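Subject: Structure handover

Hello,

Here is the structure you are taking over. My notes on what was found in it follow below.

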Amino acid sequence: MKSALVLWTMPVLLFASTFVQAQGQQSPEPALSQPNAAPPVVCSRCIRAHMDFLASDALRGRGSGTADELLAATYIASELKQYGVEPAGDAGSFIQRATVLHRPLTGSLRLTVKNSAGVVLHTWTHGKQFLALQLADGDVSGPLQKYSPSEPPTLKPGAFVFISRSGGQNIQQLAFQLISQGAAAVIVPESTRLRARWDALAAKLPTLPTQVEGNQQGDISARATVLAVNYAAADQLAHAAEGTPLHLHARPGKAHESYTWNVVGKISGTDPDQQHDDILLTAHLDHLGVGVPVNGDDIYNGADDDASGTTAVLELARALASGPKPRRTVIFTLFGSEEKGALGSIYFRAHPPVPLQDIAAYLEFEMIGRPDPAVPRDTLWLTGWNRTNLGPELAKHGAHLVGDPHPAEDFFQRSDNYVFAKQGVIAQTVSSYGLHPDYHQPSDDLAHIDFQHMDEAIESLLAPVLWLANSDFVPHWNEGGKP
């Protein structure tokens, strides 16, 4: 297996080297941290080169914990090394490997509907009457609660919330909101689009959430159980009484191990007085890999999500490494398996190169490849804007950065930053995701990337991040902002 992987990766790495060579042809950048130096300039060709490789079909969607994710990590590590960034991963390398546990299901997955007297009314099976789109656990019970967008209910903690109609809202986003508000599970009726994929999704049992070895809990908001029922079952739920008991049950099988990979590098700071005020810049390098075909395309390239954020971190690393070392240590980390529940960041949190209390500020970059119509063009937004004073301070220093215009989505809790914010680190995510329909679809590809937006947005961050790395500013939580 090892030799086969080497043979497979060699031509792809040769392909990647063309991008490295293109970046090596760039003219020298100004010494960014010198007084009166010219403003930092973005490398447009570098940005395009990273995106062309990371979001190419050659990387097959950088599936979490796959050889494609490892290949992406190896490419990123080689770029950091070329810039002169120091390795901060395992055994003097840039790579940090985490063991993850997969928990398959055995036998059928069933949803039972009972009446108030405990008599079974219906027993539905995954693949027939319903599909388990996402599982938080193999054993979930709760009372039925119906949801009407026109009259938002007060959710009962632990309820199975049945969405009879979305009211024009994105079902996936709506389900997340309801789970965040305390629902045990969300049930949606099948759609035309889902019906077209029904047989493919029904062909195999879903799995329980993958876990990092030694960590039993999820960290990105609430784990979700989301079910889709066919039209007949949806009609029966629509006519069932509120509070009808529902029980989802499956038998878990024996867990098996695999790996995911982070990339970790750093630029060591020069000021002894700033040794405990490090800056952490991150993104996630994985995506969904190869999946169910949509319009004949089965590669979920993840150009916006999150090759764009990875590219931003690489560009910041290039800019910071091109001049004199900053006063503060700056750590660059690209996480694996974010799409499986922030697994890479959970592992990194337990194995950081510096104590967590030494991280003064953390910026995650997630989905910056397309402008958000809700904010001015070439502007980025920051999750949890009002939670800390970090965003306003960066904006004062030139960052095209505003508050998150989508507070109902609760994005602050939906990226790797939340793993660290829960431990007290000032950790927020930079994005320009405009709720576009290509999210988690094969159509999230290079054809939909706005490179002018990426160039201008990233360039607006170069000088502010450089200022942060050389300043005495220590951000703080605003009152009531700490999760």
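I begin with helix α8, whose buried residues pack against β2 (95-103), β9 (208-212), β12 (256-267), β13 (278-284), β16 (330-335) and α10 (417-421). Please keep in mind throughout that this is a predicted model. Helix α8 covers residues 343-350, and seven of its eight residues are buried, so the helix is largely enclosed by the rest of the structure. The buried ones are L343, G344, S345, I346, Y347, F348 and R349.

The loop between β16 and α8 holds A342. A342 is not a glycine, yet its phi is positive, at about 60 degrees. With a relative accessibility of 0%, A342 counts as buried.

Overall figures

The protein chain contains eleven helices and 20 strands. Of its 483 residues, 54% are buried. Among contacts in the chain with a separation of 6 or more, 80% are between residues 24 or more positions apart. The accessible surface of the chain is about 19800 Å², and carbon and sulfur atoms account for 53% of that.

Nonpolar cores

The largest nonpolar core has 85 residues, and the members that touch the most other members are I76, L80, V263, L281, F332, F365 and F420. Helix α11 (residues 451-470) gives the most to this core, with ten residues. There is also a second, separate core of 25 residues, which includes L109, L144, V229 and A234.

Which residues does V263 touch, leaving aside those up to four places away in sequence? They are A73, I76, A77, L80, F94, I95, L285, F332, T333 and L334.

Helix α3 and what follows

Helix α3 spans residues 67-83, which is 17 residues; at 1.5 Å a residue it should span 24 Å, and its end C-alpha atoms are 25 Å apart, in agreement with that value. The buried residues in α3 are D68, E69, L71, A72, A73, Y75, I76, A77, E79, L80 and Y83.

After α3 comes G84, with a positive phi near 95 degrees. V85 lies in the loop between α3 and β1 (86-87). V85 is buried, its relative accessible area being 4%. Not counting residues up to four places away in sequence, V85 touches L80, F94, G265, K266, I267, A317, A321 and F332.

The β3-β4 hairpin

Strands β3 (residues 105-114) and β4 (residues 120-125) pair in the antiparallel sense, over five bridges. L111 has W124 in β4 as its bridge partner. Five residues lie between the two strands of this hairpin, and G118 there takes a positive phi near 90 degrees.

The disulfide

How many disulfides does a search of the whole structure find? The search finds one. It is formed by C43 and C46, with their sulfur atoms 2.1 Å apart. The link of C43 and C46 is right-handed, with 70 degrees about the S-S bond. Both C43 and C46 are buried.

Backbone points to look at

Most residues other than glycine have a negative phi, and most peptide bonds are trans. Besides A342, which was described above with its positive phi, there are two entries under this heading.

R62 is a residue other than glycine with a positive phi, near 50 degrees. R62 sits in the loop between α2 (44-54) and α3. R62 is buried, with a relative accessible area of 1%.

D305 and D306 are joined by a cis peptide bond, with omega about 0 degrees. D306 is found in helix α7, which covers residues 303-321.

Regards

How values were computed. Residues numbered from 1 in each chain as written. Predicted model: local features only at pLDDT ≥ 70, side-chain atom pairs only at ≥ 80, totals over all residues. Heavy atoms only, no water. Helix = DSSP H or I, 4+ residues; strand = E, 2+ residues; numbered from the N terminus. Expected span 1.5 Å × (residues − 1). Buried < 20%, exposed > 50% of the residue type's maximum accessible area, 1.4 Å probe, protein only. Pairing = 2+ DSSP bridges. Contact = heavy atoms within 4.5 Å. Areas by Shrake-Rupley, 256 points an atom, 1.4 Å probe, with all protein chains shown as cover. Core = buried A, V, L, I, M, F, W, Y, C linked by side-chain atoms within 4.5 Å. Disulfide = S-S within 2.5 Å.
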